[in-house]
Amino acid sequence: MKNYQFKLEFEVRDYECDLAGMVNNASYLNYIEHARHQFLKRKGVDFAGLAKSGIYLVVLRMEVDYLYSLRSGDRFIVGTDAERVSRLRFGFRQDIYHTPDEKPVLKANVIGAAVNEKGKPTLPKELEEFFGSLRTPSPQKR
């Protein structure tokens, strides 16, 4: 497993699994979303506070490769790297690994932006500072 800017550990809960006993594909999106929110929070970006002030962080594009199915009780880590993609867009490269064997489960590339109450793109000071403080992630083969 590579050295990510942020890692978060999870455990699969029974209700996240489908009838075949595997994690439902939509649950993986919840895992990576929660990891992004926690990453921002730990870096001083208050997702809920931004929304209360009329700034909304939105996903514009998501590309997901499912590599291995998790099952109830499995432990896993979501690794997250963030980067500025353009003046108003930002990206998160996220991977999920089964633990403790570090078997790759999922690879995702998420592109997002911030919009104001009128839907106009904006980049608030908190996000400007957040992306300015990050080390550049190492190139990844996708």
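# Strands, salt bridges and rings in a predicted model

Q: Is phenylalanine 131 buried or exposed in this predicted model?
A: The model is predicted. Buried means under 20% relative accessible area. Phenylalanine 131 has a relative accessible area of 9%, so it counts as buried.

Q: How are the ring planes of phenylalanine 90 and phenylalanine 131 arranged: stacked or edge-to-face?
A: The ring centres of phenylalanine 90 and phenylalanine 131 lie 5.2 Å apart. Their planes meet at 25°. Planes under 30 degrees apart count as stacked. The pair is therefore stacked.

Q: Which elements hold phenylalanine 90 and phenylalanine 131?
A: Phenylalanine 90 is also buried, with a relative accessible area of 5%. The pair links parts of the chain 41 residues apart. Phenylalanine 90 lies in strand 4, and phenylalanine 131 lies in helix 3.

Q: What geometry do the rings of phenylalanine 39 and phenylalanine 130 show?
A: The whole structure holds 11 aromatic pairs. In this one, the ring centres are 5.4 Å apart and the planes stand at 75°. Angles over 60 degrees count as edge-to-face. The pair is therefore edge-to-face.

Q: How many residues apart in sequence are the parts tied together by phenylalanine 39 and phenylalanine 130?
A: Phenylalanine 39 is buried, and so is phenylalanine 130. Phenylalanine 39 sits in helix 1 and phenylalanine 130 in helix 3, so the pair ties together parts of the chain. Their separation in sequence is 91 residues.

Q: Which element gives the most residues to the largest nonpolar core?
A: This core has 33 residues, and Tyr31, Ile96 and Leu127 touch the most other members. Strand 1, helix 1, strand 3, strand 4, strand 5 and helix 3 each give two or more residues. The top contribution is six residues, and it comes from helix 1.

Q: Which residues does tyrosine 31 touch, not counting those up to four places away in sequence?
A: Tyr31 is one of the core residues that touch the most other members. Its contacts include charged residues, Arg13 and Glu16.

Q: How many of the 10 residues of strand 3 are buried?
A: Strand 3 covers residues 75-84. Strand 3 pairs with strand 1 in the antiparallel sense over six bridges. Strand 3 is largely enclosed by the rest of the structure, because its buried residues number seven.

Q: How many bridges join strand 3 to strand 4?
A: A hairpin of four residues leads from strand 3 to strand 4. The two strands run antiparallel. Phenylalanine 76 stands opposite histidine 98 in strand 4. The bridge count is 10.

Q: How far apart are the closest N and O atoms in the salt bridge of glutamate 11 with arginine 75?
A: Glutamate 11 stands opposite arginine 75 in strand 3. Both side chains are partly exposed, at 40% for glutamate 11 and 36% for arginine 75. The closest N and O atoms are 2.6 Å apart.

Q: Which elements does the salt bridge between arginine 84 and glutamate 128 tie together?
A: The N to O distance in this salt bridge is 2.9 Å. Arginine 84 and glutamate 128 are 44 residues apart in sequence, so the pair ties together separate parts of the chain. The elements are strand 3 and helix 3.

Q: Is leucine 60 buried or partly exposed?
A: Leucine 60 lies in strand 2. Leucine 60 touches Arg89, Ile111, Gly112 and Ala113, not counting residues up to four places away in sequence. Its relative accessibility is 44%, so leucine 60 counts as partly exposed.

Q: Which residue lies over the face of tyrosine 4?
A: A charge counts as sitting over a ring within 6 Å of the ring centre and within 35 degrees of the ring normal. Here the distance from the ring centre is 4.4 Å. The residue is lysine 2.

Terms used:
Residues are numbered from 1 along each chain as its sequence is written. This is a predicted model: local features need pLDDT of at least 70, side-chain atom pairs count only at pLDDT 80 or more; totals for chains, interfaces and linings use all residues. Side-chain values use heavy atoms; hydrogens and water are left out. Buried means under 20% relative accessible area, exposed over 50%, partly exposed in between (1.4 Å probe, protein chains only). Two strands pair if DSSP finds at least two bridges between them. A salt bridge is a side-chain nitrogen of Lys or Arg within 4 Å of a carboxyl oxygen of Asp or Glu. A nonpolar core is a set of buried Ala, Val, Leu, Ile, Met, Phe, Trp, Tyr and Cys residues joined through side-chain atoms within 4.5 Å. Contact means heavy atoms within 4.5 Å. Rings of Phe, Tyr and Trp (its six-membered ring) pair if their centres lie within 6.5 Å; planes under 30 degrees apart count as stacked, over 60 as edge-to-face and the rest as tilted.
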